[in-house]
Amino acid sequence: MIKVDISNVWGQISLPDLLAIEHEVAAAHNTLAQGTGAGNDFLGWRNLPVNEPTEEMKRIQASAEWIRENSDVFIVVGIGGSYLGPRAAIELMQGCNHNIGKGKGNPQIYFAGNGLSTRAWNELMRLLEGKDFSLAVISKSGTTTEPAIAFRGLKWLLERKYGTDGAKKRIVAITDPNKGALRQMATEEGWETFVIPPDAGGRYSVLTAVGLLPMAVAGIDICKVMKGAYEAREYYDNLRSFENPVWLYAGVRNLLYRNGKPIELFESFEPGFKMMGGWWQQLFGESEGKDDKGIFPVSAEFTADLHSLGQMIQQGERNIFETMIRFNAPENKMTILGDVKNLDGLNYLEGKTLDFVDEKAFLGTLAAHVDGGVPVITMDMGELNDEKLGEMFFFFELCCGVSAYILDVNPFNQPGVEFYKRNMFRLLGKPGYEV
Ligand code: PA5
């Protein structure tokens, strides 16, 4: 299970503070569990984890197998909650450079429709030259502009390459069961489809086909992911005390916010964790940032960002707290060699492993930041594997729901996201958006 350590926040919060917030955490968890809070028609994510594969999961695995056998490249078209989860999962489990050496049988995976950059589009076109490819178009609403534009272009490419019927086999649509343009297109064209349950919001959908199909195409064992999530739900959703790491995290981050720390830096020492930081950022940012409230979520990668953000963390305005994620070191070690000349002065580390140095960097950073007045919550994730991935997804979703209810905001809506879209549509001349 995930261990949350709050020993480095004392001084910024007190034990009486923590004990005083306990009833708020308990009330927030009850509100979530009993479905009595704001946004309670979007609690479907709590029932997604399963211990045994469902028919839907078997269909996802079969679809992924076909895609793996018939594609050099698989493209995931989606944005926000329809893209961050699968990308986070694949990069965490297989690294940022997971596409190197991949091809038919174990396709490369790229993400499209998550922006409007022509350069990114041109790069994708170059990557696809001479490649067999398939795609999943993911949109809960079925009407989001960025993925819709990318999908229109990729569908045209598929039809040109494989003909109309050949293209149909290479398109999977993941969307609402009844509503939206994508559902209508999928029905008319006869594409394979998977459902995003209407009661699971985009940023809480990683344990649906949204996350599971791309994970399965990447070769991640989705049964293990779901088992990890299931066990996480059984444990974290039932334990009602500060022994529950969900309670500790949700309670302490709210206390720090009340004590003048409105910014949370979420960091790990794994480059492959970067997109998990992006997924976490959307989850907490969209869930909590409303009604003029919210902890501003920022993700960072250490030690790389210690050489950019480190100065600000150490000596800038004292308005941040950190959440540092740690995993067990992998079994394959890198050992630092000796050198006769020792011009770089590194011989004092001869025979030491890279993860030994990493551990000291973590401890040194922690001590420095705490000395600098930055409270740090640490999370020990243990071993990184497919089950842990599922556990982490459910754990943070639950933390987010509880934390947002402590903050007294609706964790499941995102009315503010519409504002930029309205302006963009007006500027684009979309019918119905005239001044
Ligand atoms: O969390 C959310 O609901 C949003 O971030 C959506 O996931 C994002 O806007 C994409 O929406 P859709 O899946 O409808 O295309």
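**Domains, ligand site and local geometry**

Lysine 58 and glutamate 55 sit three residues apart in helix H2 (residues 55–70), which means that about one helical turn separates them. The two side chains form a salt bridge, with 3.5 Å between the closest N and O atoms. Side chains of opposite charge, in turn, can pair when their charged atoms come close. Across the whole structure, which is a predicted model, the search turns up 19 salt bridges.

Where the domains meet, 31 residues on the domain 1 side are in contact with 27 residues of domain 2. The size of an interface is often given as the accessible area lost when the parts come together. Here, the area buried between domain 1 and domain 2 comes to about 2,600 Å², and carbon and sulfur atoms contribute 68% of that.

As for specific pairings, two salt bridges are counted between domain 1 and domain 2. Aspartate 237 forms a salt bridge with arginine 46, and the closest N and O atoms of this pair are 2.5 Å apart. Polar contacts across the boundary between domain 1 and domain 2 number seven residue pairs, with both residues at pLDDT 80 or more. On the side of domain 1 that touches domain 2, the elements giving two or more residues are helices H1 (15–34), H8 (222–236), H10 (274–288) and H13 (386–406). Sorted by class, that side of domain 1 holds 18 nonpolar residues, along with six polar and seven charged ones.

Turning to the ligand, 13 residues surround it, and the closest are Ser82, Ser139, Ser141, Thr144 and Gln282. Serine 82 places a polar side-chain atom 2.6 Å from a ligand oxygen atom. Threonine 144 does likewise, with a polar side-chain atom 2.5 Å from an oxygen atom of the ligand. Arginine 203 uses its backbone instead: one of its backbone N or O atoms lies 3.1 Å from a ligand oxygen atom.

Helix H4 (residues 118–128) is capped at its N-terminal end by serine 117, which has a side-chain oxygen 3.2 Å from the backbone nitrogen of arginine 119. Just after H4, glycine 130 adopts a positive phi of about 70°.

Most residues other than glycine have a negative phi, and most peptide bonds are trans. Against that background, aspartate 292 has a positive phi of about 60° despite not being a glycine. Aspartate 292 is found in the loop between H10 and S8. The peptide bond running from phenylalanine 302 to threonine 303 is cis, with omega near 5°. Threonine 303 belongs to the loop that lies between strand S8 (296–301) and helix H11 (310–315).

Definitions and conventions:
Residues numbered from 1 in each chain as written. Heavy atoms only, no water. Contact = heavy atoms within 4.5 Å. Buried area = accessible area lost by both parts, 1.4 Å probe. Salt bridge = Lys/Arg side-chain N within 4 Å of Asp/Glu carboxyl O. Polar contact = N/O pair within 3.5 Å; in protein donor to acceptor, adjacent residues only side chain to side chain. Helix = DSSP H or I, 4+ residues; strand = E, 2+ residues; numbered from the N terminus. Nonpolar A, V, L, I, M, F, W, Y, C, P; charged D, E, K, R; others polar. Near = heavy atom within 4 Å.
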